[in-house]
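These are my notes from a first pass through the model.

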Amino acid sequence: MIVVGGEALIDLVPVALPPGALLPRPGGGPYNTALALGRLGAEVAFCSRVSSDGFGESLLAGLRAAGVDLSLVQRGPEPTTLAVPSLTPDGSASYGFYVEGTADRLFTLPPALPDGVRALALGTCSLVLEPGASAYEALLRRESRRGVLTLLDPNIRPALIADPAAYRARFLERLLPHTSVLKLSEEDAAWLGGRVEDWLAAGPSAVVLTRGAAGLTAWTREGGEYSAAARPVAVVDTIGAGDTVNAALLHRLTDRPGGPVDWPEVLAHAAHAAALTCTRAGAEPPYAAEL
C-alpha cells in the first residue's frame with residue numbers, strides 16, 4: 001500500500017461564463033496525488049484531517065470513487081481550506097489561500113502505519129501550516145526510520161510561508177534526511193535556491209525535476225542523469241499535473257520493489273500521465289486504461 005499524507009481542499013477555479021465566476025473543484029497536492037494513484041489502480045490510502053462540512057464530504061466521495069482507502073482520515077468540524085488559482089494564458093497557475101482555522105492544518109500524528117505500507121508521500125501546504133506541519137514531519141521521520149520509501153514534493157506556495165529562511169532550513173536539515181525521492185518543479189527549485197548535488201547529499205537517493213514543456217529529469221545519488229520529453233498536448237491548465245507526476249512515480253517505483261529502477265521508463269510514464277491531466281480543467285488525473 002502507498003499512503004499519501006497532506007491537505008484536501010477546494011480549488012475555486014475561474015470559469016469563462018459568467019464573468020468572474022468560480023467553480024469549486026476538489027484539490028490539494030496530496031489529495032490529487034492520492035486520487036491519481038487510485039485511478040492508476042494502485043492500493044492507496046489517504047492520511048489527513050478533513051472537515052465534516054459539505055466540501056469535506058465531497059472530497060471524501062471523490063477519493064472513495066477512485067478506490068482510495070479512507071481509514072487513516074481524521075475528521076473535524078472546522079471549515080475546509082479554500083484555494084483560488086489564477087491562470088495565466090499558458091495555463092499555469094498561482095494560488096491564494098483561505099487557511100485560518102481550517103480542518104486540515106489540525107492533523108495529528110496517527111499510530112504506526114500498517115506493516116504492508118511500502119511508500120509514503122507528503123507535500124505542499126501540509127509542510128507549512130502548523131500544528132499539522134510538525135505532525136507530518138514526525139510521520140515522515142518515523143516511517144523513514146522503519147524503511148518505508150518516502151517521496152517529498154515541496155510544491156512551494158510562497159503566500160503561505162511567513163519565514164522563507166526558516167522553511168529552507170527545515171527542508172534541508174529536517175525533511176531531506178528522511179526523504180527517498182525528492183520531486184520538485186523548476187519554480188520550487190528556484191525558490192529553494194539549492195543545487196541538486198546538495199539535495200542528494202542531504203539524503204534522497206533521487207531528485208526528479210519537472211520542467212513543464214521541457215519534460216522531466218532525474219538525478220540519482222549514484223551519478224545517473226535521465227530525462228523524458230513532455231508529451232505535446234493542447235493545454236487547458238496545469239492544475240494537478242505535478243501531483244499526477246508524484247502518483248505515476250510512486251506507481252512505478254513500488255511496482256518493482258528491490259530491483260533496479262528503469263528511470264527512462266518511469267519518467268516517460270509520469271510525463272504521459274501529466275500530459276493527460278493538462279488537457280482537462282482542474283485536477284483530473286487519468287485512469288490506467290487511458291495510459
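**Second largest cavity.** I began with the residue classes in the lining of the second largest cavity, and found five nonpolar, six polar and one charged. For these classes, Ala, Val, Leu, Ile, Met, Phe, Trp, Tyr, Cys and Pro count as nonpolar, Asp, Glu, Lys and Arg as charged, and the others, Gly among them, as polar. The model is predicted, so I note that local features need pLDDT of at least 70 and side-chain atom pairs pLDDT 80 or more, while totals for chains, interfaces and linings use all residues. Residues are numbered from 1 along each chain as its sequence is written, and side-chain values use heavy atoms, with hydrogens and water left out.

I then looked up the volume of this second largest cavity, which is about 50 Å³. A cavity here is a set of points, on a 1 Å grid over the protein atoms alone, where a 1.4 Å probe fits but cannot get out; a pocket is an open set with protein on both sides within 12 Å along at least five of seven lines; lining residues have an atom within 4 Å of a point. Grid points are joined across faces, edges and corners, and a volume is the space filled by probe spheres set on the points.

Among the residues lining the second largest cavity are Val4, Pro30, Ala121, Thr124, Leu151 and Asn246. Strand S1 (2-5), helix H1 (29-39), strand S9 (119-123) and strand S10 (149-153) each give at least two residues to that lining. Helices (H or I, at least four residues) and strands (E, at least two) are DSSP runs, numbered from the N terminus.

**S9 and S10.** I checked how these two strands sit together: they run parallel and are joined by five bridges. Strands pair if DSSP finds at least two bridges between them. Ala121 has Leu151 in S10 as its bridge partner. Four of the five residues of S10 are buried, where buried means under 20% relative accessible area, exposed over 50%, and partly exposed in between (1.4 Å probe, protein chains only).

Thr124 lies in the loop between S9 and H3. Its phi is near 65°, a positive value in a residue other than glycine. Thr124 is buried, at 5% relative accessible area. Pro131 is in the loop between S9 and helix H3 (132-145), and the peptide bond from Glu130 to Pro131 is cis, with omega near 5°. Asn155 counts as buried at 13% relative accessibility.

**Largest cavity.** How many cavities of 30 Å³ or more are there? I count five. The largest cavity has a volume of about 60 Å³, and its lining includes Arg252, Pro260, Asp262 and Val266. Helix H7 (241-255) and helix H8 (263-278) are the elements that give two or more residues to this lining. By class it has four nonpolar, one polar and four charged residues.

**Largest pocket.** I put the space in the largest pocket at about 1200 Å³. It is lined by 49 residues, and Ser185, Glu187, Thr238, Ala241 and Gly242 lie nearest its centre. The elements giving two or more residues to the lining include H1, strand S11 (181-185), helix H5 (186-192), H7 and H8. The lining divides into 23 nonpolar, 14 polar and twelve charged residues.

**Rings.** I found four aromatic pairs. Rings of Phe, Tyr and Trp (its six-membered ring) pair if their centres lie within 6.5 Å; planes under 30 degrees apart count as stacked, over 60 as edge-to-face and the rest as tilted. Tyr31 and Phe46 have ring centres 6.2 Å apart and planes at 90°, so the pair is edge-to-face. Tyr31 is in helix H1 and Phe46 in strand S4 (residues 44-47), 15 residues apart. Tyr31 is buried at 1% relative accessibility, and Phe46 is buried at 0%.

Phe171 and Trp199 also pair edge-to-face, at 6.5 Å centre to centre and 80° between the planes. This pair links helix H4 (residues 164-175) with helix H6 (residues 196-202), 28 residues apart. Phe171 is buried at 3% and Trp199 at 4%.
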